[in-house]
Amino acid sequence: IDLFKGEILTRKEAIEYLRLPEKNFDNYFQLSKEIIAEKGSNGRWEFEKSNLDTFNQLKTSRTISLPMSVYKQCFEFAIRMVYSGLSKHGSGIRGQRSEVQVADDVILGILAEHGIKKFLKERFRLEIELDTAVHTDSITPQDIVGIRKRKDFNIPNLDVSIKGSKFKNCFNVIPPREYEDDTRNSDVYIFARIDLPTDHLFRILKHHDFFEKASKLLDNDPKSKKIGDLNKVDVWICGFNFKEELDRVTEIPGQVFDGHRYVKSVSGMRNSSQEWKELIKKL
């Protein structure tokens, strides 16, 4: 039953209609401008249902579900990265991130790569080969190392970087060293959102005998938050940009950088089927 009879929805109705977390909705609306709205005569934002449907249809068509077997593969790769000398500098206890924090950052990028691989194969029948080598400097030379043509994998004609971020984030942010260094930069930058719960490790361990007792105690405590399940990981392919299309900025909404970065919001990314087909031809 369609509970929203009118063509114009309020912000609250639009959030409910799209079934998005409020924070995510506001980011897509206010920061990346993916969700279109206009101010009404009463000064409040109004959302046309047709625009919300367009947004939702694109989101659905660009979302890939990865099974737990791929999540396991990605997590194992992240652990290998962490214990092979990957730098832990950054925010964390005493100025250094823990192994768990580093692995959490790494796994988003690896899941994004596998999401792109499945997306290109299912939607465009293009089979790619990913870089599976462990690079302890945290920057892989390029993320796509092979394009299948007939029986063999050939080196791509373009260098491709794949970035993964949380579902709420709206910008592909490239550090200067990954953009300005000719030995590290790419011709194409692809961005994907990863729907990975922050407690994903707890979710896969909750039935382990080491963790099972604590999980049961939480289940029986009405005041406690329950540990959810993890059956798949959704990857939302937001789009891509060519190198020259990224903007050199010192800040984005809600964040001021230490120095400059090269960025593009999701609304400024190429993401139509025709644009993907044209990219594939160039690869």
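The following legends describe close-up views of a predicted model.

Residues are numbered from 1 along each chain as its sequence is written, and side-chain values rest on heavy atoms, with hydrogens and water left out. Because the model is predicted, local features need pLDDT of at least 70 and side-chain atom pairs count only at pLDDT 80 or more, while totals for chains, interfaces and linings use all residues.

**Figure 1. Confidence along the protein chain.** The mean pLDDT (the predictor's confidence in each residue, from 0 to 100) of the protein chain is 89, and 92% of the residues score at least 70. Among the elements (DSSP runs numbered from the N terminus: helices, H or I, of at least four residues, and strands, E, of at least two), strand β11 (residues 232-242) has the highest mean, 98. The lowest mean, 83, belongs to helix α8 (residues 212-220).

Figure 2. H260 lies in strand β13 (residues 255-265). This residue counts as buried because its relative accessibility is 16% (buried means under 20% relative accessible area, exposed over 50%, partly exposed in between, with a 1.4 Å probe and protein chains only). The H260 side chain forms polar contacts with the side chains of E180, at 2.7 Å, and R248, at 3.2 Å. A polar contact is a pair of N or O atoms within 3.5 Å; within protein, one must be able to donate a hydrogen and the other to accept it, and residues adjacent in sequence count only if both atoms are side-chain atoms. Apart from neighbours within four places in sequence, H260 is in contact (heavy atoms within 4.5 Å) with P176, E180, R248, V249 and T250.

**Figure 3. The largest cavity.** A search of the whole structure finds one cavity of 30 Å³ or more. On a 1 Å grid over the protein atoms alone, a cavity is a set of points where a 1.4 Å probe fits but cannot get out, and a pocket is an open set with protein on both sides within 12 Å along at least five of seven lines; lining residues have an atom within 4 Å of a point. The largest cavity has a volume of about 30 Å³, and its lining consists of L120, V160, I190, W276, L279 and L283.

**Figure 4. The second largest pocket.** This pocket has a volume of about 290 Å³. Its lining comprises 18 residues, with E34, F55, L58, V266 and S267 nearest the centre. Two or more lining residues come from each of α3 (49-61) and β11, and α3 gives the most, with five.

Notes
Points joined across faces, edges and corners; volume = space filled by probe spheres on them.
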